[in-house]
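Subject: Structure for your review

Dear colleague,

Please find below the structure that I am handing over to you.

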Amino acid sequence: VQLQASGGGLVQAGGSLRLSCAASGRTFSSYVLGWFRQAPGKEREFVSAISGSGYSTYGDSVKGRFTISRDNNKNTVYLQMTSLKPEDTAVYYCASGPYASSRTTDYNYWGQGTQVTVSS
C-alpha cells in the first residue's frame with residue numbers, strides 16, 4: 001500500500017482546510033485509514049480513523065471540528081478540518097492498517113505527511 005497525502009497549507013485561526021490521502025491497492029475498501037499529526041518536539045498524535053464500512057473515530061482534541069470521510073471509488077480518504085486553532089499546527093500523516101485504532105503501532109503503512117500551519 002502506498003499513501004500520498006496532500007492539501008496542507010497555511011490558514012488563519014478559525015479557517016478550514018481539507019486534506020486528502022490517495023492510496024494504492026485493489027482492496028482499498030477493506031483498509032482502515034487513519035490520520036495522525038506531529039508537532040515539533042511532540043509525539044505523534046491520533047486525529048481520526050475510518051473503517052471500510054464508514055465507522056469513524058476521533059481524537060478528543062478534534063472532535064466536533066474535524067470530519068473524516070472516504071471515497072472507495074477514488075481510493076481516497078479526506079480530513080475536513082474546520083475551526084482551526086494554532087495548536088492544530090503539525091505535519092499530518094495518513095496511515096492504513098487493519099484496526100480503527102488510535103495507536104501508531106496498529107498501522108502498517110504511512111504516507112509522507114503534509115504540513116498544516118494555523119496562524120493566530
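The torsion about the S-S bond of Cys21 and Cys94 is about 60 degrees, so the disulfide between them is right-handed. A disulfide is, in general, a covalent bond between the sulfur atoms of two cysteines; here the term is applied to a pair of cysteine sulfur atoms within 2.5 Å. The S to S distance for Cys21 and Cys94 is 2.1 Å, and by this rule the count comes to one disulfide. Cys21 lies in strand β3 (residues 17–23) and Cys94 in strand β9 (residues 90–97), so the bond ties together parts that are 73 residues apart in sequence. Strands are DSSP runs of E with at least two residues, numbered from the N terminus.

Please note that this is a predicted model, in which local features need pLDDT of at least 70 and side-chain atom pairs count only at pLDDT 80 or more, while totals for chains, interfaces and linings use all residues. Residues are numbered from 1 along each chain as its sequence is written, and side-chain values use heavy atoms, with hydrogens and water left out.

Are the two cysteines buried or exposed? Buried means under 20% relative accessible area, exposed over 50%, and partly exposed in between (1.4 Å probe, protein chains only). Cys21 has 0% relative accessibility and counts as buried; Cys94 is likewise buried, at 0%.

I turn next to the sheets. Two strands pair if DSSP finds at least two bridges between them. Strands β1, β3, β8 and β7 form, in that order, an open sheet of four strands with antiparallel pairing. Strands β1 (3–6) and β7 (66–71) stand at the edges with a single partner strand each, so one side of each is left without a neighbour in the sheet. From one strand to the next, the twist averages 15 degrees; for such angles, axes are lines fitted to C-alpha atoms, for helices over the stretch in contact, and the angles run from 0 to 180 degrees between N-to-C directions. Between β1 and β3, which run antiparallel, there are four bridges, and Ser6 stands opposite Ser20 in β3.

Which strands are joined to β11? Strand β2 (residues 9–12) runs parallel to β11 and is joined to it by four bridges, with Gln12 opposite Ser119 in β11. Strand β9 runs antiparallel to β11, and three bridges join the two; Ala90 stands opposite Val116 in β11. In a regular strand the side chains alternate between the two faces of the sheet. In β11 (residues 114–119), Thr114, Val116 and Val118 make up the covered face, whereas Gln115, Thr117 and Ser119 make up the uncovered one.

Two further residues deserve a look. Asp106 is placed in the loop between β9 and β10 (109–110) and is buried, with a relative accessible area of 13%. A polar contact of 2.6 Å joins its side chain to that of Ser101; a polar contact is a pair of N or O atoms within 3.5 Å, and within protein one must be able to donate a hydrogen and the other to accept it, while residues adjacent in sequence count only if both atoms are side-chain atoms.

Ala49 belongs to strand β5 (residues 45–50) and is buried at 0% relative accessibility. Its C-alpha atom is 9.1 Å from that of Gly59, a residue 10 places apart from it in sequence.

Yours sincerely,
A colleague
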